[in-house]
Amino acid sequence: MNDCIFCKILSGEIPSYKIYETDKAYAFLDIACDAVGHTLVIPKKHFASILDCDADYLDAVIEAVKHVSRHYVEDCGYDGVNVFNASGAAAEQSVFHLHFHIVPRKEGDGMSMWPLSGKRDIDLAEICKKLAL
Ligand code: AMP
């Protein structure tokens, strides 16, 4: 896609710090520098989000997420990872080329990745009735 930042990274038009790649997936450092090692994994074909990504590319991206995550834990001294995806503006997606965030974590690193809604009165049975497939 012409005006997609991540397509420009894939074509080399915009530089990136490559961590790993396969024929269908590409992993590189997020420029946010909000957490050491914050990594993005994207498909090498343009899909806006997880909602329109085809199974082949999604499989390849998830496989790459796992591979990079294992590398961080087994070879790079991390104890775990957080894996995130935002799909859709309402979910705070800001770049509309599918990507998974990997944030490597260390015991006691002081970060917290779980947003709290503050709601305590959620009726799980009611929610399940609405959402189950
Ligand atoms: P999201 O808000 O989930 O869509 O995440 C988009 C991410 O892309 C943000 O964490 C940005 O810091 C990151 N980002 C934007 N432009 C670049 C770039 N040129 N290189 C690396 N990461 C980028």
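How many of the eight residues of helix 3 are buried? The number is zero, so helix 3 lies largely in the open. Buried means under 20% relative accessible area, exposed over 50%, and partly exposed in between (1.4 Å probe, protein chains only).

The model is predicted: local features need pLDDT of at least 70, side-chain atom pairs count only at pLDDT 80 or more, and totals for chains, interfaces and linings use all residues. Residues are numbered from 1 along each chain as its sequence is written, and side-chain values use heavy atoms, with hydrogens and water left out.

**View 1. The fold of the protein chain.** Three helices and five strands make up the protein chain. Their order from the N terminus is α-β-β-β-α-β-β-α. Helices (H or I, at least four residues) and strands (E, at least two) are DSSP runs, numbered from the N terminus. The C-alpha trace spans about 50 × 35 × 25 Å along its principal axes. Of the 133 residues, 32% count as buried. Among contacts with a separation of 6 or more, 50% come from residues 24 or more positions apart; a contact means heavy atoms within 4.5 Å.

**View 2. The ligand site.** There are 16 residues around the ligand, and Asp 30, Ser 94, Val 95, His 99 and His 101 come nearest. Asp 30 places a polar side-chain atom 2.5 Å from a ligand oxygen. Backbone atoms take part too: a polar one of Ser 94 is 2.7 Å from an oxygen atom of the ligand, and a polar one of Val 95 is 3.0 Å from a ligand oxygen. On its own the ligand has 500 Å² of accessible area, and the protein covers 82% of this. Accessible areas come from the Shrake-Rupley method with a 1.4 Å probe; for residues, only the protein chains shown count as cover.

View 3. Asp 109 sits in the loop between strand 5 (100–105) and helix 3 (124–131). Asp 109 is partly exposed, at a relative accessible area of 30%. Its side chain makes a polar contact of 2.7 Å with the side chain of Arg 105. A polar contact is a pair of N or O atoms within 3.5 Å; within protein, one must be able to donate a hydrogen and the other to accept it, and residues adjacent in sequence count only if both atoms are side-chain atoms.

**View 4. The start of helix 3.** Asp 123 caps the N-terminal end of helix 3. One of its side-chain oxygens lies 3.1 Å from the backbone nitrogen of Ala 125.

Conventions. Near = heavy atom within 4 Å.
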